[in-house]
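The sequence and structure come first.

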Amino acid sequence: MSNGTPELLSVRNLVVAYETSGHVKSRLTAVQDVSLDIAPAGIFALVGESGSGKTSLARAILQLIPSASGQVIFCGKSLPEMNKTQLREARRDIQAIFQDPLSSLSPRRTILQTLTEPLDHFRIGTGKERIDIAAGALETVGLDNSMMQRFPHELSGGQRQRAALARALVSKPKLIVADEPVSSLDASIQARVVELILNLRDKQGIAFLFVSHDLSVVRQLADTVAVMYLGRLVETAPARELFSNPAHPYTRSLLRAVPIADPLHPAPVVLDGEPPSALTPPTGCVFHMRCPDRIERCSSVEPGQVNISGKEGRQENHRVRCHLWNS
Amino acid sequence: MTSQTPVDALSVRGLTVTIQQESQHLRVVDGISFNLRSGEVLALVGESGCGKTKTAEAIMGLVPRDSGVVQATSIRIGDTELAVMPEAAMRQIRGREISMIFQEPLTALDPVFSIGSQMSSVFRRHRKQSRTQARQSSLEMLASVGFPDTARVMRSYPHELSGGMRQRVMIGMAMACKPRVIIADEPTTALDVTTQAQVLARLTDLGRKTGTSILLITHDLGIVAQYCDRALVMSKGKIVEEAEVKQLFTRPAHPYTRSLLAAAAGIND
Ligand SMILES: Nc1ncnc2c1ncn2[C@@H]1O[C@H](COP(=O)(O)OP(=O)(O)OP(=O)(O)O)[C@@H](O)[C@H]1O
Ligand SMILES: Nc1ncnc2c1ncn2[C@@H]1O[C@H](COP(=O)(O)OP(=O)(O)O)[C@@H](O)[C@H]1O
Ligand code: SF4
Ligand SMILES: [Mg+2]
Ligand SMILES: [Mg+2]
């Protein structure tokens, strides 16, 4: 898929499905046929509709939930085929931050205990060094040392999310999977976290899989952006091009829905209709019921992924799933 | 009768929250006063840790006793004084007169009950509906916050929904009883912008149609500009500016407001 550079992470045709609760057991496909590549020190952003499968994809990559089929290759090794010990070792290199910071912070541990836990676990440094590493990580995320002795419930939402990021940093990972790490932060701290992530990438060579709703943050951070809708990546492109020249009708709707910080600016456009159900996906293109540009075959034939590099001036590695581009 | 005097749905006077932290007293909310007018959407903005959530919890009577002390000259909803109200009576007010949408929805939903049973119980308790009526109302409410497969959501447990879906459930539950006041703490941070646009349009519509007033806590100045009527700007526990939204953006008075606007502009370009 790429141009020769060895990838840090390669995902091929990944499918994730859940058994849902209730009297009638049914299968819900949360991730459908997803392929992506992340280069060392690359920042890959995943955006898309609520419930479209972003978290499921992230968790399947992290091997926190099983995948139904497909491949996940990290540093040349297949993660799903690893045993428990190998996976534990690999976790040093792939860290995670979740949407809900409370899930990465234990309620009964102080922030210091939480930060030194992975160091104890991987036997990194002496006791004193571990505390220094923890203090350094807190400083990196802009929390002062007085937070060390606090418990998670004694922090504000934004402070908790930064503590979770600090925890991910202490084992010096190669990849951080960050599921909406900045959504609960205000603009000034978001700007700092954005700067921080760019710094970590530049100085420490850490790559990121960055799930976010905040398109302005994605625009500043990402090299590559993928847009997800009902389990599929409907568009994947270099970040600059995705924002300046979006090719998929859903991506265009997404960009029009951003509220602009100017009361005189026209109100965000609300997309017509409801998102489809992942339990009973529509036939044809999953976006066809809401698509302003649909053509006849959209309601019956599911579009495959096509590379549109070169078409209408687009760069390499720009891929979409849409019939409009299939000619 | 004087015409057109805006009635206040919520009026807060001299609200202070003090937190005991290692033999220090921190005033995380420091003597704030404001009015929320009937049917308006009032933004509360300010940087992380400035005391927005604590303000909301204090009004709701939800600051845990061991973590903080709330003092207020007055917190009124219409003619009802909440500042001196015992917890038992507060419980009657919460959900019916005033409800809150939390920043972290996972902590607000009960993991052991299905969404359907949690939603229905709100309708049964506060609106005294029968089991069948409550189920019907719940399905309608879920549809109104943008779910296509309401029956599946009803059967689901919180962990089976995505973060954004849980947040929409919380918004639906808060809207269920058409309360006089809704306090929404960063209600859409877990939502993508298309769902956010849909949910905020519905939430603010509800306000305008039923007269529900909304105190919308957010750090997104785009949301302030596009969905709110007025705004309170908070910094270090104090309200430093209160203004109509148009004025806030064109003529910010306080230096802190100006720095917030500048930070947002930096992010948006
Ligand atoms: N239980 C507690 N014990 C000690 N300090 C606390 C406690 N709860 C909150 N704080 C502190 O009180 C201040 C205000 O917290 P609050 O949750 O109101 O912030 P916020 O404005 O909502 O921030 P955010 O946008 O990050 O959610 C913060 O400095 C926080 O660290
Ligand atoms: N444990 C689970 N059991 C059943 N369904 C689930 C579970 N977790 C997520 N889902 C469903 O999978 C879909 C994708 O969810 P998720 O990956 O969390 O979305 P996103 O992160 O994009 O908001 C949703 O329809 C959600 O309801
Ligand atoms: S395939 Fe058809 S319905 Fe789907 S996005 Fe393209 S034009 Fe719209
Ligand atoms: Mg998610
Ligand atoms: Mg808060």
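Which atom of ligand 2 does a polar side-chain atom of Ser56(A) approach, and at what distance? A polar side-chain atom of Ser56(A) lies 2.5 Å from an oxygen atom of ligand 2.

This is a predicted model in which local features need pLDDT of at least 70 and side-chain atom pairs count only at pLDDT 80 or more, while totals for chains, interfaces and linings use all residues. Residues are numbered from 1 along each chain as its sequence is written, chains are lettered from A and ligands numbered from 1 in the order in which they are written, and side-chain values use heavy atoms, with hydrogens and water left out.

Ligand 2 lies between chains A and B. It is surrounded by 17 residues (a residue is near if one of its heavy atoms lies within 4 Å). The closest are Gly51(A), Lys54(A), Thr55(A), Ser56(A) and Arg152(B).

Ligand 1 also lies between chains A and B. Around ligand 1 there are 20 residues, of which Gly158(A), Gln159(A), Ser48(B), Gly49(B) and Thr53(B) come nearest.

| Ligand | Residue | Protein atom | Distance |
|---|---|---|---|
| Ligand 1 | Arg150(A) | polar side-chain atom | 3.2 Å |
| Ligand 1 | Gly51(B) | polar backbone atom | 3.0 Å |
| Ligand 1 | Thr53(B) | polar side-chain atom | 2.5 Å |
| Ligand 2 | Lys54(A) | backbone N or O atom | 2.7 Å |
| Ligand 2 | Arg152(B) | polar side-chain atom | 2.8 Å |

**The contact between the chains**

The contact (heavy atoms within 4.5 Å) takes 61 residues from chain A and 53 residues from chain B. The buried area, meaning the accessible area (1.4 Å probe) lost on putting the two parts together and summed over both, is about 4,100 Å². Carbon and sulfur atoms give 56% of that area. In chain A, Ser50(A), Pro259(A) and Pro263(A) lose the most area to chain B, together 14% of what that side buries.

Between chain A and chain B there are eight residue pairs in polar contact, both residues being at pLDDT 80 or more. A polar contact is a pair of N or O atoms within 3.5 Å; within protein, one must be able to donate a hydrogen and the other to accept it, and residues adjacent in sequence count only if both atoms are side-chain atoms. The count of salt bridges (a side-chain nitrogen of Lys or Arg within 4 Å of a carboxyl oxygen of Asp or Glu) between the two chains is zero.

**Ligand 3**

The shell around ligand 3 divides into seven nonpolar, three polar and two charged residues. Among them are His248(A), Cys285(A), His288(A), Cys291(A), Asp293(A), Arg294(A), Cys298(A), Cys322(A) and His323(A).

Methods. Ala, Val, Leu, Ile, Met, Phe, Trp, Tyr, Cys and Pro count as nonpolar, Asp, Glu, Lys and Arg as charged, and the others, Gly among them, as polar.
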